[in-house]
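Open the model in your viewer and keep the selection tool ready. The tour below goes stop by stop.

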Amino acid sequence: MSAGAANKGVALITGGSRGIGRACALGLAEDGFDVVVNYVGNKGAADEVVAAITAKGRKAVAVQGDVSVEADVAAIFAAADKLGTLKALVNNAGVVDIAQPVVEMSTARFRRMFDINVMGSFFCAREAIKRMSTRLGGTGGAIVNMSSIAPRLGAPGQYVDYAAAKGAIDAFTLGLGREVANEGIRVNGVQPGLIETDIHASGGIPDRIEQLKSSIPIKRGGTADEIAEAVRWLVSDKASYAVGSLITVSGGR
Ligand code: NAP
């Protein structure tokens with residue numbers, strides 16, 4: 001990371017404390033952004049990301065907030081406004097639940113899956129557009145939505161709710177991308193395959209990648225950095241013609 005790199009404004013990463021979001025936060029800081037590292041419960045992890053960024057000469061702040069709660073989203077964006085001009089949003093925060101067939105899933109589970117994975121991205125995108133849109137007086141920006149290859153697989157018997165929520169994110173990315181392209185905002189998405197993060201343990205299968213890696217053409221799980229590379233490209237001016245694109249980064253799965 002170079003402290004001398006031109007300042008590109010503020011990047012807000014939801015769920016920036018761990019896993020893919022953490023890699024995006026560190027990578028975008030390296031690319032010249034000051035960073036808002038949102039987290040929901042793991043303050044220590046968020047503080048560690050902030051410390052790594054500030055040690056390299058960029059500004060960063062850890063902001064607690066649940067993306068599915070509108071008041072929290074307002075507070076997260078208020079913190080971003082204090083840091084500078086918002087130029088990038090990575091809608092990364094996401095959750096899975098334990099593997100179950102749909103018939104056994106509770107209503108609370110359905111709602112949580114859609115509230116965090118879908119509504120959270122809508123709430124954050126709306127706030128970002130208010131700030132970025134050239135039609136509304138902003139200077140443009142980029143939004144990257146974290147999807148998955150799950151919508152293509154359907155995740156039967158395990159996470160059909162999650163796959164459906166990510167399918168909604170893909171439609172959201174396409175529609176919003178076309179809606180705001182003429183307002184200086186590029187909206188795109190990334191569809192990771194199986195990536196080495198804590199999310200698999202949170203779904204009750206910590207060795208999920210080990211179990212499934214023989215089915216991945218490249219025969220291994222991916223790293224969070226390998227996903228962050230795609231996010232960094234989509235945020236950058238190098239992706240100036242990418243609108244509503246969904247980049248699959250899945251080792252061929
Ligand atoms: P992870 O390691 O479990 O990290 C999740 C991150 O999201 C943490 O920073 C967590 O904060 C935050 N978070 C969770 N709920 C939140 C909420 N309600 N509000 C704000 N932040 C919240 O997950 P990951 O594997 O990096 O996944 C990141 C994204 O990639 C998700 O959208 C996921 O669906 C997607 N994805 C992952 C994979 C994979 O194989 N890992 C594959 C495809 C797609 P705390 O640290 O405070 O808990």
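## Stop one: a loop residue

Select Asn-92, which sits in the loop between strand E4 (86-91) and H4. Helices (H or I, at least four residues) and strands (E, at least two) are DSSP runs, numbered from the N terminus. This is a predicted model: local features need pLDDT of at least 70, side-chain atom pairs count only at pLDDT 80 or more, and totals for chains, interfaces and linings use all residues. Residues are numbered from 1 along each chain as its sequence is written, and side-chain values use heavy atoms, with hydrogens and water left out.

Is Asn-92 buried or exposed? Its relative accessibility is 10%, so Asn-92 counts as buried. Buried means under 20% relative accessible area, exposed over 50%, partly exposed in between (1.4 Å probe, protein chains only). Now show what touches Asn-92. Leaving aside neighbours within four places in sequence, Asn-92 is in contact (heavy atoms within 4.5 Å) with Ile-13, Thr-14, Gly-15, Ile-20, Gly-21 and Met-146.

## Stop two: H3 against H4

Select residues 70-83 for helix H3 and 107-132 for helix H4. The two pack at an angle of about 35°, with their axes 10 Å apart. Axes are lines fitted to C-alpha atoms, for helices over the stretch in contact, and angles run from 0 to 180 degrees between N-to-C directions.

Show the side chains where they meet. From H3 come Glu-70, Val-73, Phe-77, Ala-78 and Asp-81; from H4, Phe-123, Cys-124, Arg-126, Glu-127, Ala-128 and Arg-131.

## Stop three: aromatic pairs

Rings of Phe, Tyr and Trp (its six-membered ring) pair if their centres lie within 6.5 Å; planes under 30 degrees apart count as stacked, over 60 as edge-to-face and the rest as tilted. The count comes to 2 aromatic pairs. Select Phe-122 and Phe-172: their ring centres are 3.9 Å apart and their planes at 20°, so this pair is stacked. Phe-122 is in helix H4 and Phe-172 in helix H6 (residues 160-180), 50 residues apart, so the pair links distant parts of the chain. Phe-122 is partly exposed at 40% relative accessibility, whereas Phe-172 is buried at 9%.

Move to Tyr-159 and Tyr-162. Their ring centres lie 6.5 Å apart with planes at 70°, so the pair is edge-to-face. Both tyrosines, Tyr-159 and Tyr-162, are buried.

## Stop four: helix H9

Finish on residues 224-235, helix H9. Colour its buried residues: Ala-224, Ile-227, Ala-228, Ala-230, Val-231, Arg-232, Leu-234 and Val-235. Their cover includes helix H1 (19-30), E4, and strands E5 (141-146), E6 (185-192) and E7 (246-249).

Conventions. The expected span of a helix is 1.5 Å times one less than its number of residues.
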